[in-house]
Amino acid sequence: MFRRSVVTDGTAAGQGPDGENGKEVGIKKNLRSPGVMITQFIETLPEGKSHPDFTRKPIALTIQEGKFAFFKAIVTGDPQPTVTWSRNNGDVSDTSRYQTKYDPNSNEHTFEMPNVKPDQADTYKCFATNEFGQAIVTVVLNVIEVGFKKNKVQQQPAEAVGGNFKTVLKRKSKIRPKAEQPERKEGEIDPKFWELLISAEKKDYERICSEFGVTDFRWMLKKLNEMKKEREEEQAAFVKNLSNLKPIEVNPDGIASFEIDMDLIDPSSSIFIYKDGVMVPYTKELGDQMKHSLKQVGRKYIFSVRDLMPDDAGLYQLDVGDVNMFSTDFKIPMVDFLVKIQEVKAIEREDAVFECVLSNPFSKILWFGKNLPLEQGDKYDIQVSEDKLIHRLVVKDCMVVDKGIYSACAGIKSCNAWLIVEADKDAPKGKKSARKTTRAGGSGVDLQKVAQEQQAKLEKDREERKEQIKVAKEAAAAAPPPESPPATAGVKTEAPKPKPKGVKEPADSPVVEVASTGQPVPVPVPVQVPVPVQVPVPVPEAGARERLDQPLADAGEPGITCGLSDIYALRGNPAELSVKMNMDRDGSWFKDGEQLNSGAGVNIKKDGTSHKLTIQSCRDDDSGVYRFVSGDQNTQGKVTVGDVPEFDPDDLHKFSKPVIIRVGQNAAFKMPFPPQESLVVSWFRDGTEIKDGGGVKIVREPNHSRLLLRDCLRTDAGEIKIQLKNPFGAVEATSQLIVLDRPGPPEGPVETVETTSSIIEIKWNPPKDDGGSAVTNYIIERQQAGQNLWTKLGDVSADKTSFRDRNVTHGKKYNYRIYAENPEGLSDTLETTDSIMAGIMILSGPPGAPKVVSATKSCIKLTWSPPEDDRGVPIIGYQLEKRKKDTNQWIALNAVKEPIEDVNYAVKDITEGAEYEFRVSAINESGSGDPSPPSEMVCAKNPNMRPCFKDPEDFIVVRAGNSVRIKICYEAEPPPQITWLKDDEPISPWFHIVNTEGMSQLVIPSSKRSDSAIYTIKAKNSVGEASFDIEVRVTDEPKTPGPVELEQTVQGKVVISWAPSPDEELDDRLYYMVSQRDSNTRMWKTVADRLFTKTYTAINILPGIEYHFRVYAKNDMGLSDPSQSPTWGVNNNRVPISSNGVNSTNVCFERPPSILVPLKVHTPPKGYQLYMTCAVRGCPTPTVSWYLNDVCINFDNNYYITNSFGVCSMFILRVRQQDSGNYKVVAVNSLGKAECSTKLIVKD
């Protein structure tokens, strides 16, 4: 099972060669659990012992910073291994960061890291060790950092930018983020180009080369083949097979996804997803709740991106370990719907048209019908205008099955509408209507006009952008260069010194003319870079970013101490730009490259070292880049002029109307607003911001935002507010959400205002929560104490919180409950905590003291007399209490609500031998009255009594072979001594006597005829004794009487005589029965019964009729076989015929029994029927007996045995396991016997 290798060096203590026997330790790789390294300390393991092993390995984990990380492992081994954990680059002894736990029930070892940090990303090891070996497994923890860590960026060495960024940032993707991409040299190809080509199909090569400007296809294909070969070798270390690479695309449900089929060599390998070189956190379990998810179905991996936004575009890569498996580019065009598709109502056999207009040209959009993609064909016609702005879908020959939702998707934008197909009412019945040439639907607006206006707008935007670029270039060229010291002829130029790290060069490098040959030659002048000093710089306001294009100067040189910042100015309000220098110097102001002077709404002011530019009233054309220049020092900032977001008054009025819904319904809010850049939309409920997720859905469109609250509860009601915020300010709009529901229960407790013999008045408080609508009334119900029925008394208006019940009976108690009702239904109930009595409580007087009727160890019977004074209130029952001797606690035997209706009671909740006294109190409508005086102390034991037998049987008949069971019940106290006698003699020791409390049983197993006798039971105790006789007769069916003889002594009478049955001497209760049949009736009838003699005289014997007689022996078990008489009648006086000398010979048919057809072997399943048969002959007819394992079963009720003219059969309805064994049939007559046997095997 293991592969063994010799350890020659680097072994730990206990792992090297054995000093005594020289045996070497084998390192064994566990093939059953890949990735586990096992070291066995000895050559041969003792019997029953084992080295450690992992039945469950820790699984590699990629988790977000701040989450709860843990590893789990299950180990085996004998003795129980010790489990420890470590990491490659660090210590795990800090219990605040690392916790080790063990669950003895599941045998799981857990290594936990709460609030995981990025510095905990490492390779961890789990060690399982016992005295026979050690098992080691490694596992990787990857931590995805959240947010921007400024201090971490400062600590990164500058060389990371140069190339060794993998080590510094621990990023495995070969594509770097845009912020970290080094400036490419001229002619250098973007690495993204090769990543896309490796994963793309051949048909896409030309398109990708065109995008990246590659024209040498031959060189590209040669290099691509080399890179593919190298990549496949890297991939072979992690995957067995890679196929079905499906690039990323947007699905009909608005989710972008890409797919890949791969067989991982190690299923626990880490899978990473990157977007533009940045690791993307994803989930495998919460696919429908997080933005990014990776789902595995068999060998298919599907990565999905939900809630698509423009910044989701980029290069997505899937890596296994540190090897890229697939790359795909997700492009999101900046396009929106100017005119959306509208609902279409069409008639059968008519064409339906959906039309839309886009904001930018788009060659092809996606059309979907009922969530299925639609393509050009016989059913659908997809049309695009020349300017690619108008898109049209025509559904041809509409039928009812075409009804549904149709949608158009352009990038991440989509719109949808219903297609409703109505039946053609003009169509002839039973026939298909004719195809119509008309079209239904359309947008209802002039799409061509909208498209032309949009085309003109796009053209205008392009011209403006071109003009802006041209102006920017001219401004950059016309900007005055910073002043530089005059150059003198003969000045020796030096090569520029390398600049210090972190210092930015000036935007414009000065040049001077050196007259050496008479021609002006531009020569770079070495510029002295000032050393930065620690000068406090004011922190700009929120939303502003200070721009300082020159380093701060020291106190000896001119410099800028406070530069310009980016500011946002409200349209029509003043704005001020301020610059401070370290000395008094003049400066100039520029806007977008043009120098500014005071005037035309701009005021420039200098106050010592402070320079200010004030815009008196900001306008749109005041936006731009402002720059201050003083000598070779300059700083710039951007001014953006705009307005605070605003709502349309009509939309604001519509939004302010409250939304009223019922509990469980959805609430929707929609607020339109003008499209703006840098606009942040937030929703609030009662001042708390609402986030998207769970039952909340927030949709953000360029010109509106929607809020959907699903399955609302009462707690969701409140103020709903939408806030629009941009750099210039914020604006809010409020509405109200009212959720209607049943009211809450009325506030308690229920107070009793008045109670008399005829009136009960109660009051309560209104409910805290009216359910969103006013309470209309209250409903009152009543229940009499002790009953289950609630009766409605009536209702009162909402302004009244009291009720007077006039239908009460004095002394009775009542419970009340109140409902609050509003238009939405009834509230939960408010019930009274205690019953309320009508009038004053009147309790009954004490009954008489209980008297003991009888007492036994399990029951004490009591009786008492009713109270003499019931005080005018009827008694409904009694409550009985008991007190044990030497205790002070009275224990109630029944509750007040379960009164004893009679004046006697049998107490069974007692302990044998304990002494008790009892008392009783009467119960009326007011409750339990005064208790009676206690009874006398009584002991729970049986009274002494002479033994007596209860309903015994004095005669028992048992078939021979069966067991005899004589069961006698008796009563006696104290328990008597039991003695059994047989005919006044002690019984045999083979008999069994079973004595229990109140019963004695004598058992005679497998009885015989000799067991017939008079059995006597004697019971004797200290009070007296008693005895009883039981006659037991063990018998069997009698044998056939002897031969029958007939004799006629008187005309008309025949004397029938027979020999006695062999059982007559053994059974004194045996008697005979005679049956008669004549030739006229041919029916047997009993003519005599209970004959104790062996003769009988038959009368009315007529001449000329044949008579036949049968004689039976009969006892308590039944009849014997009959003994046949000779025929009496016509031929009984026949004259003998002479034989004329011929001697007659008597023929004898008697023979011993023989087996004609033997038994066969049977193997039936358990629970099945069984039919076993054989054939027997003999004369006289033999007696047949069946045996199971040598025990006769002829009289066992489990077997049905028959004998029909020598065919002997046995039937078992359902065979059991105990029916298995050897079966034997024995046939016996006076001449001999015969037998046959077989075996029965019952299968499970």
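**Notebook: strands, helices and backbone geometry of a predicted model**

**Entry 1. An open sheet.** I looked up an open sheet of 5 strands and recorded the order β21-β28-β27-β23-β24, with mixed pairing. At its edges stand β21 (344-347) and β24 (372-373), each with a single partner strand, so one side of each has no neighbour in the sheet. I counted two strands as paired if DSSP finds at least two bridges between them. Strands (E, at least two residues) and helices (H or I, at least four) are DSSP runs, numbered from the N terminus. Strands of a sheet pair through backbone hydrogen bonds, either parallel or antiparallel.

Strand β27 (residues 404-410) runs antiparallel to strand β28 (residues 413-422), and 7 bridges join them. I noted A410 opposite K413 in β28.

**Entry 2. Source of the values.** The model is predicted, so I note that local features need pLDDT of at least 70 and side-chain atom pairs count only at pLDDT 80 or more, while totals for chains, interfaces and linings use all residues. Residues are numbered from 1 along each chain as its sequence is written, and side-chain values use heavy atoms, with hydrogens and water left out.

**Entry 3. The whole protein.** I found 8 helices and 92 strands in the protein. Of its 1244 residues, 37% are buried. Here buried means under 20% relative accessible area, exposed over 50%, and partly exposed in between (1.4 Å probe, protein chains only).

The accessible surface comes to about 72400 Å², and carbon and sulfur atoms hold 50% of it. These areas come from the Shrake-Rupley method with a 1.4 Å probe; for residues, only the protein chains shown count as cover.

I also looked up contacts (heavy atoms within 4.5 Å). Among those in the protein with a separation of 6 or more, 61% are between residues 24 or more positions apart.

**Entry 4. Helices α4 and α6.** I looked up how helix α4 (residues 191-199) packs on helix α6 (residues 217-235): the angle is about 75° and the axes are 10 Å apart. That makes α4 roughly perpendicular to α6. Axes are lines fitted to C-alpha atoms, for helices over the stretch in contact, and angles run from 0 to 180 degrees between N-to-C directions. Angles of 65 to 115 degrees count as roughly perpendicular, under 35 as roughly parallel, over 145 as roughly antiparallel and the rest as oblique.

From α4, the residues in contact are F193, W194, E195, L197 and I198; from α6, they are W219, M220, K223, L224, M227, K228 and R231. By class, I recorded 8 nonpolar, no polar and 4 charged residues in this contact. Nonpolar covers Ala, Val, Leu, Ile, Met, Phe, Trp, Tyr, Cys and Pro; charged covers Asp, Glu, Lys and Arg; the others, Gly among them, are polar.

**Entry 5. Strand β17 and its partners.** Strand β17 (residues 300-305) is mostly covered, with 5 of its 6 residues buried. I found that strand β13 (residues 256-264) pairs with β17 in the antiparallel sense over 6 bridges, and that Y301 in β17 is the bridge partner of I260.

Strand β16 (residues 292-297) also pairs with β17 in the antiparallel sense, over 6 bridges. There S293 stands opposite S304 in β17. I noted that β16 and β17 form a hairpin with 2 residues between them, and that G298 in the turn has a positive phi of about 65°.

**Entry 6. Backbone geometry in loops.** I looked up two cis peptide bonds.

- The bond from E973 to P974 is cis, with omega near 0°; P974 is in the loop between β70 (964-973) and β71 (977-982).
- The bond from C1179 to P1180 is cis, with omega near 0°; P1180 is in the loop between β86 (1170-1179) and β87 (1183-1188).

K388, not a glycine, has a positive phi of about 60° and is found in the loop between β25 (380-384) and β26 (390-395). Its relative accessible area of 36% makes K388 partly exposed. F1205, also a residue other than glycine, has a positive phi near 50°. F1205 is in the loop between β89 (1200-1204) and β90 (1207-1212), and at 88% relative accessibility it counts as exposed.

**Entry 7. Residue E732.** I located E732 in strand β50 (residues 729-740); at 40% relative accessibility, E732 counts as partly exposed. E732 and L652 are 80 residues apart in sequence and 9.7 Å apart in space, C-alpha to C-alpha. Leaving aside neighbours within four places in sequence, I found E732 in contact with F647, K721, I722 and Q723.
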